[in-house]
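The entries follow the display.

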Amino acid sequence: MSTYCNQCGTPMPDNLAYCPNCGTPRSVGTGTQQPADNYQQTSYEQPAYGAQQSYGTQQAYGAQQSYGAQQAGGAQQTYDQQAGGYTPFGGGTQTAPPGYSSGAIGINNNLLLAVFCTLCCCNPIGVYAMIKANSCNIYARMGAFDDAQKAADDAKKWSLIGIGIVVVCWLLYGMFYLILGASILSAFGSAMRGF
Amino acid sequence: MTLRSLTEQLTCSPLRRLIVVVAILVAAATLLYIGDPGHSPWAPKCPFWLLTGWQCPACGIQRFGHALVTGHPVEALGYNPFLALVVPYVLAFFVRWVLPRGGKGRWRITRVIEHPAMIWGYIVVFVVWGVVRNVLGV
């Protein structure tokens, strides 16, 4: 049978390591209770797994208004630790409640890199990378963390390919410019010798 | 000292991240200030523009930055008004990166800049502006 997240009561498929709704790790956050019981049972007995600092804001976002007291007692286990020290550039960790951004589960979706790529004249590739970064957030929201990581990797790969193409073109153009300049100079020099 | 530990040293606190961001912005502003990309042969040229003669949606970004740091914001808008929207958007990423990890500020910014409507809005405006500016020759 499927289990339920102790934090928010969402049913958790067996293949997920984190709750798809609130991001609480399975190891500390699951039980077999029904969600309805969960609201009463878990709130104060096991404060050690109030996993995210960001619950205060998550509450404001409307999903779990009955958790205020529980959140205050949370132990603030960080996603930094859970993600093996992986600290993404833009996302930081635990910055947003899970469900909005992949940064909350320690995956950097590379959105800024993709935006930068769109500004570097590699338009289709940059747009594709932005769509991939957005997919990363969508997958993170659905709880499909492998797919989210794959989308983030794709966003990074294509952004770097796009930026790389432009930089290579710059270098080729620069070399062309130098060669052209040198040949003009030497032609000018031989012409001068003719006089 | 490995590159990785150096990066961590540089980015481990909000103050240090702020210094990194300010250093990057100052370096970019200095380069744009001393060189006029509209006339300097050293300014990188867009390969797409060189090949096709069409302007990318971000075309004019160097002239835009040059006009901005030399104190001509209206002239900057004339080069590419779209960038007036992009600059705050990109700065928001930097601000979020500087803010303390785990704080509410990061989440508040993330909620705006990574909202699906924001991302798709950016893409739509980007593409439409790219078409419009080439059709109208703006």
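Which residues do ring pairs link into a cluster? I find Phe82(B), Tyr89(B), Phe93(B), Tyr122(B) and Phe126(B).

I note that this is a predicted model, with local features taken at pLDDT of at least 70, side-chain atom pairs at pLDDT 80 or more, and totals for chains, interfaces and linings over all residues. Residues are numbered from 1 along each chain, chains are lettered from A and ligands numbered from 1 in the order written, and side-chain values use heavy atoms without hydrogens or water.

I paired rings of Phe, Tyr and Trp (its six-membered ring) with centres within 6.5 Å, calling planes under 30 degrees apart stacked, over 60 edge-to-face and the rest tilted. The count is six aromatic pairs over all chains. Phe82(B) and Tyr122(B) form a tilted one, 6.0 Å centre to centre with 55° between the planes. The two lie 40 residues apart, Phe82(B) in the loop between α5 (73-79) and α6 (83-98) of chain B and Tyr122(B) in helix α8 (residues 116-136) of chain B; helices are DSSP runs of H or I, at least four residues, numbered from the N terminus.

I checked burial next (buried is under 20% relative accessible area, exposed over 50%, 1.4 Å probe, protein chains only). Phe82(B) is buried because its relative accessibility is 6%, and Tyr122(B) is buried because its value is 9%.

I then went along α8(B). Its buried residues include Ile119(B), Ile123(B) and Trp129(B). Just after α8(B), I see Gly137(B) with a positive phi of about 70°.
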